[in-house]
Amino acid sequence: MRTDWPPEGEGTEGFVPGRSGRTLVTFGSGTAGIWGRDEGSWRFSHCSDRLRSSNAAILSPDEEFLLVANHPHDLQLLRLNDSLLMNTVTDRATGVNGLSLSPTGDRLAAASGHSSIRVFDFPSGRPLHCLLGHRGRAWRAVWSPNGDHLASAGSDGTARIWDLSQASE
């Protein structure tokens, strides 16, 4: 098995680690390398040309799926073991700057370049909330430990706390 990626002369542009420390996805040169940790060392599993480099990508809590924001408007859910496209969510916001899964793994927050935080059911992609308040790009959103609140940061220099029990659908 390979223990190096990408091939010599091709750079790595980013990576997404799994929460368990057993899975890693590396992005570079229009492809992605899927890695697994086995007996304390990393081993290259396979390569996928379906997974392009992205500034926003996240693994599901069970590390079986990868959610990738592909510009300009698509969020793609891929099964990691074979890179099968499971779902595409088209969000008309201007790009996605950050993704965050709720602690229970059933909701996804997407910080957009159009000043909003969008919350979707995961993995169906059904829209749940559109949170407006930043006066510029929303850079990042993170969940509270119990999943009832989101915190977001925007290019307007503000941090906002969102109570999802008060958010409209």
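Between which two strands is the loop in which G136 is found? In this predicted model, G136 sits in the loop that runs between β12 (127-132) and β13 (138-143).

**Overall make-up**
- The protein has 169 residues, of which 47% count as buried.
- When contacts between residues at least 6 apart in sequence are taken together, 35% of them join residues that are at least 24 apart.
- The accessible surface comes to about 8,800 Å², and carbon and sulfur atoms account for 48% of that surface.

**The surroundings of G136**
- G136 counts as partly exposed because its relative accessibility is 23%, a value that lies between the limits of 20% for buried and 50% for exposed.
- Once its neighbours within four places in sequence are left aside, G136 is in contact with H114, S115 and S155.
- From C-alpha to C-alpha, G136 and G157 are 9.1 Å apart in space, while 21 residues separate them in sequence.

**The largest cavity**
- A search of the whole structure finds one cavity of 30 Å³ or more, and the volume of the largest cavity is about 80 Å³.
- The lining of the largest cavity is formed by L67, L75, Q76, L77, N87, V89, L108, F120, D121, F122, P123 and G125.
- Three strands, β7 (74-79), β8 (84-90) and β11 (116-121), each supply at least two residues of this lining, and β7 gives the most, with three residues.
- By class, the residues that line the largest cavity divide into eight nonpolar, three polar and one charged.

**The largest pocket**
- The largest pocket has a volume of about 180 Å³, and its lining consists of R22, T23, I34, W35, G36, S45, H46, E63, E64, R79, L80 and N81.
- Both β3 (31-38) and β4 (41-48) supply at least two residues of the lining of the largest pocket, with the largest share, three residues, coming from β3.
- The lining of the largest pocket is made up of three nonpolar, five polar and four charged residues.

Technical notes. Residues are numbered from 1 along each chain as its sequence is written. This is a predicted model: local features need pLDDT of at least 70, side-chain atom pairs count only at pLDDT 80 or more; totals for chains, interfaces and linings use all residues. Side-chain values use heavy atoms; hydrogens and water are left out. Helices (H or I, at least four residues) and strands (E, at least two) are DSSP runs, numbered from the N terminus. Buried means under 20% relative accessible area, exposed over 50%, partly exposed in between (1.4 Å probe, protein chains only). Contact means heavy atoms within 4.5 Å. Accessible areas come from the Shrake-Rupley method with a 1.4 Å probe; for residues, only the protein chains shown count as cover. On a 1 Å grid over the protein atoms alone, a cavity is a set of points where a 1.4 Å probe fits but cannot get out, and a pocket is an open set with protein on both sides within 12 Å along at least five of seven lines; lining residues have an atom within 4 Å of a point. Grid points are joined across faces, edges and corners, and a volume is the space filled by probe spheres set on the points. Ala, Val, Leu, Ile, Met, Phe, Trp, Tyr, Cys and Pro count as nonpolar, Asp, Glu, Lys and Arg as charged, and the others, Gly among them, as polar.
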